[in-house]
Amino acid sequence: MFAGSTYKRLNVSALLFLLFLLTLAGCSNAPAASQQEDNTNSEQPADQTETAARGGVLKIISGPMPRALGHPADIISRTETLLSAPAVETLGRYTETGDVAPHLAESWEEDQAAKTITLKLRTGIEFHDGTPFNAEAVKWNLDQYRIAKKPVFNETDTYSIEVIDEHTVQITLADWNVSMINVIAVVPMTSQAAFETQGKDAVNLSPVGTGPFIMEEWNQGQSISFKKNENYWQEGLPKLEGIQFDFIEEPMTAEAAMQKGDYDILLEPSASTVKNLAGQFDILKLENGIGSAGVHLAFNTVDLNSPYRDIKVRQAVGHAIDIKAIINTIYGETVVQTNQWAASNAWTYNPDVKGLEYNPEKAKALLKEAGYEDGFTTDMTYAQSEADTQMMTAVQGYLADVGIKLKLNPVDGAKFTSIRGPDGGWDGIIKLTSKMDTEVPTVLNIMLGSNGFMYKSIEPPKALDDLLEQSATAKNLDELKNYTHQLQKLITDEQQLTVNMFISSMPIVKTNNVQGTGLNQTHAAYWSPETATR
């Protein structure tokens, strides 16, 4: 999400941006689609599954407890987005290519010259409390989001939100932004009347939306249950009688509950759980990477004495590591290898990027050319976890084979956030986790650009800053794609700013009788509970 002025207004805290990234939208709009088919991995569209049973309660294991499910500006994390979806809907929905298509909106029109986005809404829709879903309701929800000081779609980058008629809303932007519709399209729509009578805290615990299910009960720390909305606006839907989320954070307990047959779906399984259950259950993987997390290695290039100021040394590190072997040994099906900041089937992926193949002899030759024939000692900083320690220990071994002695520096989460924040820094190498989305220029600007406020031990080359500024002028999707592909090439092949390792596939375990959920089909945080069957 960007416009020319966006890059000059990066005064939001790193923590807020990281939270926002979890719901950052894709790019461009697409033809209207009131329902989304679900054919990811082993799932088939619910209306094409003759043997699928209708009705019943879908039982889902979720690890972390959500904080908020009902206020537009407070639904932030992937968990909150997933768990609010039965009750709360949005103006648009993601497609498999990372675009957004109308949902509660019937259509939208973008006028670049006038800097306006005009939303045409579906008619005959009501919130769970019987109040109408109309232009006034949409304006209220968008205003709630707009005044929440989000990095994009805020009081600075928009002039106004106006009701044109009962089912038409018009947003006027301060600067044209080709991607703004993608933020607007996924702002949650909830009842203004419920907010005004019950208060924000209450609606966050009991969301009142337009969705296919109505909140029934929230047992804090234990479960959240929804019942069927008999007055749902899409005829013949939902197909289930209810949905229940139970919170089980201990991986082995969650795995045992699935094996016992007590549940239909397990969200956020551990790598070992995926491996153990793969033969008994379907594993849904996010194929397009949209909404997922990418893992990279980044270097301190600010320190004048850092060996990583030399691109040959950065390339040597990339050639020294057998990424495929690390994936197979530690992560298995939970991640997918990539050579850039995109999944291979996303439009943000540049097929012309070569990347670095595993070649320790090439790594040694590059180190010799750079004057480090005898190697050197360096640090590796990362947030401590079992899987990351395993990964970094493997990296340590590969780098030792080419003469680089790696000292592991695991730190707790709070310290790591500080190290990669605006006032932080590190020696040597750091694990960089990025948001894999269609807004590559925005993510790169925040994390690697001079105007960003993360990973400040990286000295961005002028070519990167120049290209990021040019990207901010994109007026349409073709221009955005062109700039994005140039950035992928620059980051990897021309500058080797990061060693790109893999993308999480955000695996989900489910029983094979469950179909039509839309889970991991279009985006890591969004699904279609109204078409789910079991």
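A residue is called buried when its relative accessible area is under 20%, exposed when this value is over 50%, and partly exposed in between, as found with a 1.4 Å probe and with protein chains only. The model shown is predicted, so local features need pLDDT of at least 70 and side-chain atom pairs count only at pLDDT 80 or more, whereas totals for chains, interfaces and linings use all residues. Residues are numbered from 1 along each chain as its sequence is written, and side-chain values use heavy atoms, with hydrogens and water left out.

**View 1. Leu58 in its strand.** Leu58 belongs to strand S1, which covers residues 57-62; strands are DSSP runs of E with at least two residues, helices are runs of H or I with at least four, and both are numbered from the N terminus. With a relative accessible area of 0%, Leu58 counts as buried.

**View 2. The surroundings of Leu58.** Leaving aside residues up to four places away in sequence, Leu58 touches several residues, including Leu240, Asp264, Val514, Trp527 and Arg534, where contact means heavy atoms within 4.5 Å.

**View 3. Leu58 and Phe245.** Although Leu58 and Phe245 are 187 residues apart in sequence, their C-alpha atoms are 8.5 Å apart in space.

**View 4. The chain around these residues.** The protein chain contains 16 helices and 21 strands, and buried residues make up 60% of its 534 residues. Of the contacts in the protein chain with a separation of 6 or more, 73% join residues 24 or more positions apart. Along the principal axes, the C-alpha atoms of the protein chain fill a box of roughly 75 × 60 × 40 Å.
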